[in-house]
Amino acid sequence: MEYYRDETITVRDMEYSDAEIITAEEIAQGWHAEASKYYTRLKDAAERRAVALTAEYRGNVAGYVNVYPHSTWGAFGGKGYPEIVDFGVLEKYRRHGIGTKLMDVAEEIAAKYADTVYLGVGLHSGYGSAQRMYIKRGYLFDGSGVWYQDKVLTPYAPCCNDDDLVLYLSKELKK
């Protein structure tokens, strides 16, 4: 299904072949990437637990995002709010509006389920662009502090500055 199309950007349902393209591109840009993450999102989408989206830029796979309408994990898990998960735009396609359009579509989908959406963002520098984007889009910190490996990290607890170290943010959506 297509959710958005203009002369350069298309946002559509993720396909199996996208997982391999995204993984290869992320590895090429020096990221730790495994196709299994995307296969899990595709499985969840097939089971109607998620909406897995891919963005194309001029016909090339350029980014992705997932919406879990009834998420059960994270700061708002099990409270009836959708969660945006695994948002990314490949580095060579950044600064073309792809991330903005992916988030627009993800928020439109989330708004069908609740008036609030949430997400977790990593704390290391690789997430800098996403951190700035979320704040510009009106996301606010939830106040639960830092999470590590899907649990609130107690003060002074040891952790690793990896992809599992996150802060949760939420945004009220307009209906």
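The sulfur of C159 lies 7.4 Å from the closest cysteine sulfur, that of C160, which is too far for a bond. A disulfide is taken here as a pair of cysteine sulfur atoms within 2.5 Å, and a search of the whole structure returns zero of them. C159 is partly exposed, with a relative accessible area of 41%, and C160 likewise counts as partly exposed, at 40%. Partly exposed denotes the range between buried (under 20% relative accessible area) and exposed (over 50%), computed with a 1.4 Å probe on protein chains only.

The model is predicted: local features require pLDDT of at least 70 and side-chain atom pairs pLDDT 80 or more, whereas totals for chains, interfaces and linings use all residues. Residues are numbered from 1 along each chain as its sequence is written, and side-chain values use heavy atoms, with hydrogens and water left out.

The protein chain contains four helices and nine strands, arranged along the sequence as β-β-α-α-β-β-β-α-β-α-β-β-β. These elements are DSSP runs numbered from the N terminus, with helices (H or I) of at least four residues and strands (E) of at least two.

For 175 residues, a compact globule would have a radius of gyration near 16 Å, and the 15 Å of the protein chain agrees with this. The radius is taken over C-alpha atoms, and the globule rule is 2.2 Å times the number of residues to the power 0.38. Along the principal axes, the C-alpha atoms fill a box of roughly 45 × 40 × 30 Å. Of the 175 residues, 46% are buried. Contacts are defined by heavy atoms within 4.5 Å; among those between residues at least 6 apart in sequence, 62% join residues at least 24 apart.

The accessible surface of the protein chain amounts to about 9,500 Å², and carbon and sulfur atoms account for 51% of this area. The surface was computed by the Shrake-Rupley method with a 1.4 Å probe. The chain carries 21 positive and 26 negative side chains, the centres of the two sets lying 4 Å apart. Lys and Arg count as positive and Asp and Glu as negative, without His or the chain ends, and each charge is placed at NZ of Lys, CZ of Arg, CG of Asp or CD of Glu.

Helix α4 spans residues 128–136, and its residues G128, A130, M133 and Y134 are buried. The buried residues of α4 pack against β5 (83–89), α3 (98–111) and β6 (116–122). The helix is followed by G138, which has a positive phi near 100 degrees.
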